[in-house]
Amino acid sequence: MEIPILRNILEANDEVAEQNTRWFEDKGVFVINLMASPGAGKTSFIMRTIENLREVFSIAVIEGDLASKVDAQKISDIGIPAVQINTGGACHLDATMIKNALGAIEKDDLDLLIIENVGNLVCPAEFKIGEAARVVILSVAEGHDKPLKYPLIFCEADVLIINKIDMLALTDFDMEEIRNITIGMNPDLEIFEISCRSGEGLAGWYDWVKARVKP
Amino acid sequence: MHEFAITQGILDVTLKGAKEQGAIKINTVYLKVGAMSDIVDDCVQFYFEQLSKGTIAEGAQLQVEKVPARAKCNNCQAEFEPEEFFFQCSSCGQFGAQIISGKELEVSSLDIETEP
């Protein structure tokens with residue numbers, strides 16, 4: 001006999017993500033889910049954000065990688081609480097991993113939590129983790145056509161950070177073209193053109209954060 | 001799409017729903033997959049065969065109904081079929097729309113056997 005089910009396949013993850021969202025809202029924590037390919041500049045971007053905003057906000061970081069504590073160590077070395085999640089084989093963070101990591105964050109009165117997702121433009125887009133904002137980094141070395149090739153993550157993003165603009169002259173990256181592509185996918189997408197290396201363009205990003213995080 | 005995690009999700013929802021109805025065997029799992037969700041059917045079928053071993057879902061077939069993407073223009077409210085995640089209204093040319101269908105990823109129904 002046929003029985004109706006009508007249930008979302010990812011309901012288990014979405015339910016935990018909802019729990020995470022409520023926990024963060026109750027505690028007044030603004031959570032950023034930071035996603036990008038490996039090497040696009042996620043950790044450097046976090047370091048720049050911390051450097052500029054640590055006097056204003058109480059910040060912690062959750063790092064997601066298949067293996068190693070390299071990234072969490074970089075954050076800890078500058079005196080910011082960092083929890084490293086090693087996923088083993090999983091290519092994305094999910095809501096349960098985040099829920100399990102929350103107890104390890106040693107910071108009272110947290111204002112801003114940055115979650116550095118596993119380096120991947122495919123899978124992280126599928127899994128809500130309880131974030132308030134989804135920020136995607138694309139470096140100019142990767143090419144302006146990546147939104148066409150990996151549409152979901154760019155459709156779901158709130159912010160697109162175009163990093164390594166100090167290298168523009170060395171690439172064929174077309175800034176106007178990527179804006180033409182993304183306006184059709186996601187017209188509300190906020191785009192910041194930056195260089196983590198030189199610091200150029202980051203002021204706009206810091207203002208974006210300050211407008212949303214409550215100290 | 002991450003097919004392993006998706007398949008685990010399919011199995012979990014399937015077994016939960018089947019248990020609620022007192023099923024002793026699951027013959028078919030009917031899935032609804034939107035064009036913007038998209039899964040690689042062969043991958044999911046393979047993982048399902050492995051993960052369902054020893055459960056009442058072992059041997060069940062997966063049937064996928066594909067749902068096309070449809071969007072409603074934020075500007076003129078016209079409905080259109082976006083091409084390849086590109087949400088430009090075919091009526092007024094403005095960008096920006098609400099997604100009406102195309103993001104589904106659900107178990108819609110099961111064909112089960114219960115105690116005679």
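Predicted model: local features only at pLDDT ≥ 70, side-chain atom pairs only at ≥ 80, totals over all residues.
Buried residues account for 55% of the 215 residues of chain A. The charged side chains of chain A comprise 20 positive and 35 negative groups, and the centres of these two sets are separated by 3 Å.

Chain A is built from eight helices and eight strands. Its radius of gyration is 17 Å, close to the 17 Å that the globule rule gives for 215 residues, so chain A is as compact as a globular protein of that length. The C-alpha trace of chain A extends over about 60 × 50 × 35 Å along its principal axes. Where contacts in chain A link residues at least 6 apart in sequence, 71% of them join residues at least 24 apart.

The largest nonpolar core contains 31 residues, and those with the most contacts inside it are A:Val136, A:Ile153, A:Phe154, A:Leu160, A:Ile162, A:Phe173 and A:Ile178. Two or more residues are given to this core by each of strand E6 (133-139), helix H6 (151-156), strand E7 (159-163) and helix H7 (175-185) of chain A, and also by strand E3 (70-73) of chain B. Apart from this core lies another, of 30 residues, which includes A:Phe45, A:Ile137, A:Phe192 and A:Trp205. When neighbours within four places in sequence are left aside, A:Ile162 is in contact with A:Leu138, A:Val140, A:Phe173, A:Met175, A:Ile178, A:Ile191, A:Phe192, A:Glu193 and A:Ile194. Among these partners, A:Phe173 and A:Ile178 are also listed with the residues that have the most contacts inside the largest core, whereas A:Phe192 is a member of the other core.

Chain B has two helices and six strands, arranged along the sequence in the pattern α-β-α-β-β-β-β-β. A compact globule of 116 residues would have a radius of gyration near 13 Å, whereas that of chain B is 18 Å. The C-alpha atoms of chain B fill a box of roughly 55 × 25 × 15 Å, taken along the principal axes. Of the 116 residues of chain B, 45% are classed as buried, and the accessible surface of this chain comes to about 6000 Å², with 46% belonging to carbon and sulfur atoms. Among contacts in chain B between residues at least 6 apart in sequence, those joining residues at least 24 apart make up 71%. Chain B carries 9 positive and 18 negative side chains, and the centres of the two sets lie 5 Å apart.

Conventions: Residues numbered from 1 in each chain as written. Chains lettered and ligands numbered in written order. Heavy atoms only, no water. Helix = DSSP H or I, 4+ residues; strand = E, 2+ residues; numbered from the N terminus. Rg over C-alpha atoms; globule rule 2.2 N^0.38 Å. Buried < 20%, exposed > 50% of the residue type's maximum accessible area, 1.4 Å probe, protein only. Contact = heavy atoms within 4.5 Å. Areas by Shrake-Rupley, 256 points an atom, 1.4 Å probe, with all protein chains shown as cover. Lys, Arg positive; Asp, Glu negative; His and termini not counted. Charge placed at Lys NZ, Arg CZ, Asp CG, Glu CD. Core = buried A, V, L, I, M, F, W, Y, C linked by side-chain atoms within 4.5 Å.
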